[in-house]
Amino acid sequence: MSKVNKKIALLWVIPALMVIAGLGFWLATQGAVKTHQSASNELAVQQSKLINKKSKVGTVLDSKQPNISAASTLLDKLFTIGWTIASQKEFDAKAKQMTPYVTQDVVKNSLDFKADPDKMITQTGVVMTYGHMDFLPTSASAKAVKGKVIVFVKSHLKNSADATTRFVYNVTYNPKTNLVTQLDRIGTYQLQSDSSVL
């Protein structure tokens, strides 16, 4: 074979090898795509199963412990009103809005119903937003649900970053009247360890 023929053959072989290599690469990526799709589909199925299981657990709790569920729902409403404060006017109005959910004894004795004669919200300019609560029931019967609540409240001053405060309460709920009969704020909860694990 002459040198010219070898060069012509080489010019035909190189594109053919490139096509074969490209085809091989395409086939390999298709396999990877199918594997990834299969893993994604399996993950979606597992996530769906987990969501269904969680929903069933919630339904079981509602059916087995309806009083705890009712207490949790009412307390969530109460703390949403009590700890979402954007102005002094809202702070001053919160007691009236919270009253339908509690007994008169709570209105008289709870710190959450005390007036603010010093107008601290106006003085500080703090804005508070209710985040969520963790309800930890300690006993439940047809007459009363008792427990502790940790209320997570975000607050900030004008241009500063949000800070989270955790208020701790002792609470009692009466299932028959659908009212909170005890709302004792006992302090704040400070995290002393690495909070990234929570």
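This is a predicted model: local features need pLDDT of at least 70, side-chain atom pairs count only at pLDDT 80 or more; totals for chains, interfaces and linings use all residues.
V151 has its place in strand β2. V151 is buried, because its relative accessible area is 0%. Leaving aside neighbours within four places in sequence, V151 is in contact with F79, W83, Y130, H132, M133, T165, R166, F167 and Y169. Several of these names will come back below. The C-alpha atoms of V151 and T188 are separated by 9.1 Å, and the two residues are 37 residues apart along the chain.

Now step back to the whole chain. The protein chain has five helices and four strands. Read from the N terminus on, its elements run α-α-α-α-α-β-β-β-β. Of the 198 residues, 24% count as buried. The chain exposes about 13,700 Å², and carbon and sulfur atoms supply 61% of that area. Take the contacts between residues at least 6 apart in sequence: 51% of them join residues at least 24 apart.

In general, strands of a sheet pair through backbone hydrogen bonds, either parallel or antiparallel.

Look at the pairing of β1 with β2. Strand β2 covers residues 145-157. It is joined to β1 by 13 bridges, and the two strands run antiparallel. Here V151 returns: M133 stands opposite V151 in β2. M133 is also among the residues that V151 touches.

Another residue of strand β2 is S155. S155 is buried or exposed? At 16% relative accessibility, S155 counts as buried, because the cut-off for buried is under 20%. Not counting residues up to four places away in sequence, S155 touches V126, V127, M128, A161, D162 and A163.

How many aromatic pairs does a search of the whole structure find? The search finds two. A pair of aromatic rings is described by the distance of the centres and the angle of the planes. The rings of F79 and Y169 have their centres 4.8 Å apart. Their planes stand at 50 degrees, so this pair is tilted. F79 lies in helix α2 and Y169 in strand β3, so the pair ties together parts that are 90 residues apart in sequence. F79 counts as buried, because its relative accessibility is 1%. Y169 is buried too, with a relative accessible area of 0%. Both F79 and Y169 are among the contacts of V151.

W83 and F167 form an aromatic pair that is stacked. The distance is 4.2 Å centre to centre, with 15 degrees between the planes. W83 lies in the loop between α2 and α3 (88-98), and F167 lies in strand β3, so this pair ties together parts that are 84 residues apart in sequence. W83 is buried, and F167 is buried as well. What sits over the ring of W83? The charged end of K94 does, 5.4 Å from the ring centre.

K119 has a positive phi of about 50 degrees, although it is not a glycine. K119 lies in the loop between α4 (104-109) and α5 (120-124). With a relative accessible area of 38%, K119 is partly exposed. N178 has a positive phi of about 60 degrees and is not a glycine either. The place of N178 is in the loop between β3 and β4. N178 is partly exposed, with a relative accessible area of 39%.

Definitions and conventions: Residues are numbered from 1 along each chain as its sequence is written. Side-chain values use heavy atoms; hydrogens and water are left out. Two strands pair if DSSP finds at least two bridges between them. Rings of Phe, Tyr and Trp (its six-membered ring) pair if their centres lie within 6.5 Å; planes under 30 degrees apart count as stacked, over 60 as edge-to-face and the rest as tilted. Buried means under 20% relative accessible area, exposed over 50%, partly exposed in between (1.4 Å probe, protein chains only). A charge sits over a ring if NZ of Lys or CZ of Arg is within 6 Å of the ring centre and within 35 degrees of the ring normal. Contact means heavy atoms within 4.5 Å. Accessible areas come from the Shrake-Rupley method with a 1.4 Å probe; for residues, only the protein chains shown count as cover.
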